[in-house]
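Try each task before reading its solution.

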Protein chains: 2
Amino acid sequence: MDSSCYFDFQAATPVPTDVVNAIYLSLKEDWGDTSSKSKYGVKAKETIDRGRKSVSKLLNCTPEDIVFTSCASEGNNTVFNSVLKYWNNYTKTTGVKGENPHFVISEIEHPSVIETVLKMENEKLITVSFLSVQQSGVVDVLSVEDHLNMYKNTVIVSVMLANNETGMINDVKSLATLIKRFNLNNRTNKKGCPILVHTDAAQAIGKMHVDVQSIGVDFLTISGKKMYGPSIGALYIKSPIKITPIYPLIYGAGQEAGLRSGAENVPMIAGLSLACDMAMQGIYRDLDHYDTLTKHFLHIMETKNPHKDVFEIQFNGEFTGGQKVTPNVVNFSLKLLDKMQIPMVDELLATDLAQKLSERGICIGKRSACYPGRPSPILSAMGVTRDCLKLTLRFSVGRETCIGDVERFVDAYWDMINDICFNTKQISYIGRIFGWNV
Amino acid sequence: MDSSCYFDFQAATPVPTDVVNAIYLSLKEDWGDTSSKSKYGVKAKETIDRGRKSVSKLLNCTPEDIVFTSCASEGNNTVFNSVLKYWNNYTKTTGVKGENPHFVISEIEHPSVIETVLKMENEKLITVSFLSVQQSGVVDVLSVEDHLNMYKNTVIVSVMLANNETGMINDVKSLATLIKRFNLNNRTNKKGCPILVHTDAAQAIGKMHVDVQSIGVDFLTISGKKMYGPSIGALYIKSPIKITPIYPLIYGAGQEAGLRSGAENVPMIAGLSLACDMAMQGIYRDLDHYDTLTKHFLHIMETKNPHKDVFEIQFNGEFTGGQKVTPNVVNFSLKLLDKMQIPMVDELLATDLAQKLSERGICIGKRSACYPGRPSPILSAMGVTRDCLKLTLRFSVGRETCIGDVERFVDAYWDMINDICFNTKQISYIGRIFGWNV
């Protein structure tokens, strides 16, 4: 398998040679302790400063708003742990007593959001409400008002920017505007603890424009691994402490302006720095490229369908133009129009299509790896039927993918479906009886 | 400045070329998601498995006992947060009510231990006792019994294995034995919550034999950055969950057997893996090498002293043989025998010697960078006087250091002291009057 057979860029992106080389150089030269006066320490500090600038430039904020974390999961955990402390301190200082703080998250968040919040609920530290997903696949952000009216002590609302399974983009900007207005009307003059807005943008960076000023959130999580960078994360915090209250998850020698202690991962910061610069410079080219590829994919998946009377490809998401979905990903299901015409229909429904394709040397995401053993909440909400869910794949392209790769994938896909459904060896006898043309 | 002028290996070690290359290769090949079936994902999983084996081999435990963390600080934070939850769950399950859990730590722990614990105490979640340091520089581990008798709800005792400022080795083995006996006599048959023992071994790995079976601790923290590895940490947990209760600090998609969620830093694990193999294979050679260098240093620092009637070098630690100190580090102070004979004594006491040496291209640790603005607790306990504290340096050698480097350091050191104390330009007039031979 080489990268031309890889269609799972939504799960992980390769690290470009230039980024690898930046990390290599940093490993060689920036190994000193950042508090040391040795050239190795001084260079390490410079690399961190440069990295912070690159991330802040990409997100359109100041470098002071960026805290490096080991991964997006740490970033998300930091936000929810911090907000819980913020509430506890608020109640201590103001003498407000009583109920637990109330968190609102969408039902399609990454496990590092869902599990963190559920664990807190389980420990009876918080109350949680979930924002549901509309049939279109986007989170019903405006329904947050119902929750704010029902609970008087909401502290945070968190909705991911782009969904990992479908690429559907949520209207976090409207959510943030709504919360800002709510805070203004209800939470000023010590009338209550203002509500903060968080978005997990791990799947959005590099696949859409992300401008924290324009979106208007208080926290935003990014992941190097999903944006042609290395294993490292960063957390945007709108003017930490000065405007946005923040408490560290990891305490210690006070690195990252006291917001995240622990030896900085300087080489990975060097890599993320370059990955951000590349994402910023190449965003138009990348988006165009992804758009061309996935449009072609949508087209030929239909035209190359060998049994249009038997199968239909159902694309799970809105592909009607405009930026409703990140252009690098297409979530699709094989819909069976006429089961009677498929001799091996039971075998088809029992087949793990991603596994079957991997046997043909093709790597594709079956679904998000994040919900093992659970049905995908977003696809269920979008009305993907039980049968269709089994036959759903997540096709995603990257900078390296070319039109030829897409065509080879589509050919291999239909070839495989044909093989499973009309396996001549198994059905030759029955086939001859029924006169199937396989 | 090149590495022959670097004597701050205690703060950070360079990353050896082989380790850099291992990381480089992993960046190129192991970038897939570990749950993916692509070759990039499969290779990533293999690299993690190999890394876990290497760490466990070095520490003499099973791979299942190792959890990768982003750094030693995260490892330490994980332990204390976990133990707090362990107590809370214990009281919930048993119906035991009342007081906060009691933590015992030494007064010379790394900030990622001290700050974490103090923050919890500040939030009135725990009670803390500190083990003091004896004049010899080692923690008085046996005094833990007084604390255990005074508080009935001790949950954890944490003492670092080797101290970062002096290299003094603490008798964690005796501490663990004592706690084990105490648990056996006092905490079995539901008589109470057993006490766990943690040691921060960040400064010990690669500088002494570390065998978790022999030491007998429940938790042990390691840091790649201090042992010729990259920026990554690992936490030893004695049979996690099965024997030792453990709760994650970071929740999410359940990586690291559910004990530490978040995308694994595969390339850094590849580097740590090789660093562990190298530390294991080379430990005898390294220790011998360090021993030779520091013995020579101790010797020539005295013999090359140009004013034996004026100065004395005070070595802060026990260097009487046996493994009481890690052999790569010597903490030493310039002791003034006769201030009257030093014309520029005030300037000397006002000088930052490490800074002054860095102007001469030499990098050395003034003291641990971990206690900015605070007096070093270990040196104070060892009776280093106020004047001496100001004139204290931490000399540490590495694999790259040779005898010639040590000699050049000692020459430069005395040359600098001479310059400051008997600065001919400034004292030529006074000197002539008093007849000083400068």
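Helices here are DSSP runs of H or I with at least four residues, numbered from the N terminus. By that definition, A:K85 is found in helix α3 (residues 72-94) of chain A. Please keep in mind that this is a predicted model.

**Exercise 1. Find the residues that A:K85 touches, and state which salt bridge its side chain forms.**

Step 1. Start with the surroundings. Leaving out residues up to four places away in sequence, A:K85 touches A:Y247, A:P248, A:Y251, B:K119 and B:E123.

Step 2. Look for the salt bridge. The side chain of A:K85 meets that of B:E123, at 4.0 Å from N to O.

Step 3. Is A:K85 buried or exposed? Its relative accessible area is 19%. Buried means under 20%, so A:K85 counts as buried.

**Exercise 2. Describe the interface of chain B and chain A by its residues, area and contacts.**

Step 1. Count the residues. Chain B gives 58 residues to the contact, and chain A gives 58 residues.

Step 2. Take the area. About 4800 Å² is buried between the two chains, with 63% of it from carbon and sulfur atoms.

Step 3. List the contacts. The interface holds 2 salt bridges, and 12 residue pairs are in polar contact across it.

Step 4. Ask which helices of chain B supply at least two residues each to the side that touches chain A. They are α1 (17-29), α2 (39-59), α3, α4 (111-122), α8 (266-303) and α10 (353-359). The largest share, 7 residues, comes from α1(B).

**Exercise 3. Classify two ring pairs of chain B, B:W87 with B:Y90 and B:F332 with B:Y413.**

Step 1. A pair of aromatic rings is described by the distance of the centres and the angle of the planes. Over all chains, the whole structure has 33 aromatic pairs.

Step 2. Take B:W87 and B:Y90. Their ring centres are 5.6 Å apart with 40 degrees between the planes, and the pair is tilted.

Step 3. B:W87 is buried at 7% relative accessible area, and B:Y90 is buried at 16%.

Step 4. Now take B:F332 and B:Y413. The centres are 5.4 Å apart and the planes stand at 75 degrees, so this pair is edge-to-face.

**Exercise 4. Contrast the salt bridge of A:D291 and A:K295 with that of A:D415 and A:R360.**

Step 1. Take the distances. A:D291 and A:K295 meet at 2.9 Å, N to O. For A:D415 and A:R360, the closest N and O atoms are 3.0 Å apart.

Step 2. Compare the accessibilities. A:D291 is partly exposed at 30%, whereas A:K295 is exposed at 52%. A:D415 is partly exposed at 40%, and A:R360 is partly exposed at 35%.

Step 3. Turn to chain B. B:D291 and B:K295 form a salt bridge with their closest N and O atoms 2.9 Å apart. B:D291 is partly exposed at 28%, while B:K295 is exposed at 52%.

**Exercise 5. What does A:R399 lie over, and which network includes this residue?**

Step 1. Look for a ring. A:R399 lies over the face of A:Y228, at 4.0 Å from the ring centre.

Step 2. Follow the shared partners. Salt bridges join A:R399 with A:R285 and A:D286 into one network.

Step 3. Look at chain B. B:R399 lies over the face of B:Y228, at 4.0 Å from the ring centre.

Definitions and conventions: Residues are numbered from 1 along each chain as its sequence is written. Chains are lettered from A and ligands numbered from 1 in the order in which they are written. This is a predicted model: local features need pLDDT of at least 70, side-chain atom pairs count only at pLDDT 80 or more; totals for chains, interfaces and linings use all residues. Side-chain values use heavy atoms; hydrogens and water are left out. Rings of Phe, Tyr and Trp (its six-membered ring) pair if their centres lie within 6.5 Å; planes under 30 degrees apart count as stacked, over 60 as edge-to-face and the rest as tilted. Buried means under 20% relative accessible area, exposed over 50%, partly exposed in between (1.4 Å probe, protein chains only). A charge sits over a ring if NZ of Lys or CZ of Arg is within 6 Å of the ring centre and within 35 degrees of the ring normal. Contact means heavy atoms within 4.5 Å. Buried area is the accessible area (1.4 Å probe) that two parts lose on being put together, summed over both. A polar contact is a pair of N or O atoms within 3.5 Å; within protein, one must be able to donate a hydrogen and the other to accept it, and residues adjacent in sequence count only if both atoms are side-chain atoms.
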